[in-house]
Amino acid sequence: MKRIIITMLALVAISITTVSCSKDTETVEVAVDTAIPVGVFNVSKTGTLTAQNGTPTKGKIEIGKDSQNTTFVHLGSDFTTEQGTGTATVYLSKTATFTASPGTGNPDLKLIGIITKNGEAYYKVDGTIPAGLDYVIIWCGTASIPFGNGLLK
């Protein structure tokens with residue numbers, strides 16, 4: 001009997017933890033390509049991240065193409081953000097404000113990839129980048145807040 005009660009309490013604790021840690025109402029599956037540019041990386045736009053919500057987010061941001069005409073978003077070697085949440089992601093946006101639209105999508109927002117570490121990172125862009133997506137937003141899905149953003153010029 002004691003074993004059953006302990007097992008049930010453990011299951012309840014796991015259920016509560018799972019539900020309370022997720023505020024996302026939409027699940028988006030993204031294939032993250034960890035490829036790096038081949039040959040010369042030609043930068044077409046550059047900018048700098050500005051921290052938001054008390055995070056240490058900062059660093060150089062770039063968009064460019066490699067020798068094979070593949071587009072990448074590049075976070076510079078000086079890139080830093082909060083890593084404790086495990087859900088920081090990179091988006092391109094038409095504005096500095098993250099505007100999700102669960103269920104219908106948002107053509108003014110494009111998910112680029114998941115941040116796994118501070119420092120330099122390249123994100124291969126699947127397809128083309130729609131015109132006007134000139135901002136990089138670092139978004140924390142767990143806390144539902146922006147960690148930082150920067151304008152690409």
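Is aspartate 108 buried, partly exposed or exposed? In this predicted model, aspartate 108 is partly exposed, with a relative accessible area of 33%. The side chain of aspartate 108 meets that of lysine 94 in a salt bridge, with an N to O distance of 3.4 Å. Both residues lie in the loop between strand 4 and strand 5, so the pair ties together parts that are 14 residues apart in sequence. Lysine 94 likewise counts as partly exposed, at 38% relative accessibility.

The chain that holds this pair comprises 153 residues, of which 33% are buried. Its secondary structure consists of 1 helix and 8 strands, and the order along the sequence is α-β-β-β-β-β-β-β-β. Of the contacts between residues at least 6 apart in sequence, 62% join residues that are at least 24 apart.

The 8 strands form an open sheet with antiparallel pairing, in the order 5-4-7-8-1-2-3-6. On average, neighbouring strands are turned by 25° against each other, direction ignored. Strands of a sheet pair through backbone hydrogen bonds, in either a parallel or an antiparallel manner.

Two of the pairings can be described in detail. Strand 1 (residues 42–51) pairs with strand 8 (residues 145–151) in the antiparallel sense over 2 bridges. Within this pairing, alanine 51 has glycine 148 of strand 8 as its bridge partner. Strand 3 and strand 6 are also antiparallel, and 4 bridges join them. Here histidine 74 stands opposite tyrosine 122 of strand 6. Tyr122 belongs, with Lys124, to the uncovered face of strand 6, whereas Ala121 and Tyr123 form the covered face. In a regular strand the side chains alternate between the two faces of the sheet.

Tyr123, from the covered face of strand 6, is also among the residues with the most contacts inside the largest nonpolar core. This core has 20 residues, and Val73, Val90, Leu92, Val136 and Ile138 are likewise among those with the most contacts inside it. At least two core residues are supplied by each of strand 2 (59–65), strand 3 (71–75), strand 4 (88–93), strand 6 (121–124) and strand 7 (135–140). A second, separate core contains 5 residues, including Phe98, Leu109, Ile137 and Trp139.

The surroundings of valine 136 give a local view of the largest core. When residues up to four places away in sequence are not counted, valine 136 touches Leu49, Ile61, Val90, Tyr91, Leu92, Gly148, Asn149, Gly150 and Leu152. Of these contacts, Val90 and Leu92 are themselves listed with valine 136 among the residues with the most contacts inside that core.

In total, 3 salt bridges were counted. Besides the pair of aspartate 108 and lysine 94, lysine 45 forms a salt bridge with aspartate 134, with the closest N and O atoms 2.5 Å apart. This pair links distant parts of the chain, since lysine 45 is in strand 1 and aspartate 134 is in the loop between strand 6 and strand 7, 89 residues apart. Both partners are partly exposed: lysine 45 has a relative accessibility of 28%, and aspartate 134 has a relative accessible area of 23%. The remaining salt bridge joins glutamate 62 to lysine 60, with 3.3 Å between the closest N and O atoms. In this pair, glutamate 62 is buried, with a relative accessible area of 8%, whereas lysine 60 is partly exposed at 39%.

Most residues other than glycine have a negative phi. Asparagine 69, although not a glycine, has a positive phi of about 65°. Asparagine 69 is located in the loop between strand 2 and strand 3 and, at 55% relative accessibility, counts as exposed. Serine 144 also has a positive phi, near 55°. The position of serine 144 is in the loop between strand 7 and strand 8, and its relative accessibility of 35% places serine 144 in the partly exposed class.

How values were computed: Residues numbered from 1 in each chain as written. Predicted model: local features only at pLDDT ≥ 70, side-chain atom pairs only at ≥ 80, totals over all residues. Heavy atoms only, no water. Core = buried A, V, L, I, M, F, W, Y, C linked by side-chain atoms within 4.5 Å. Buried < 20%, exposed > 50% of the residue type's maximum accessible area, 1.4 Å probe, protein only. Contact = heavy atoms within 4.5 Å. Pairing = 2+ DSSP bridges. Axes fitted to C-alpha atoms, helices over the stretch in contact; angles between N-to-C directions. Salt bridge = Lys/Arg side-chain N within 4 Å of Asp/Glu carboxyl O.
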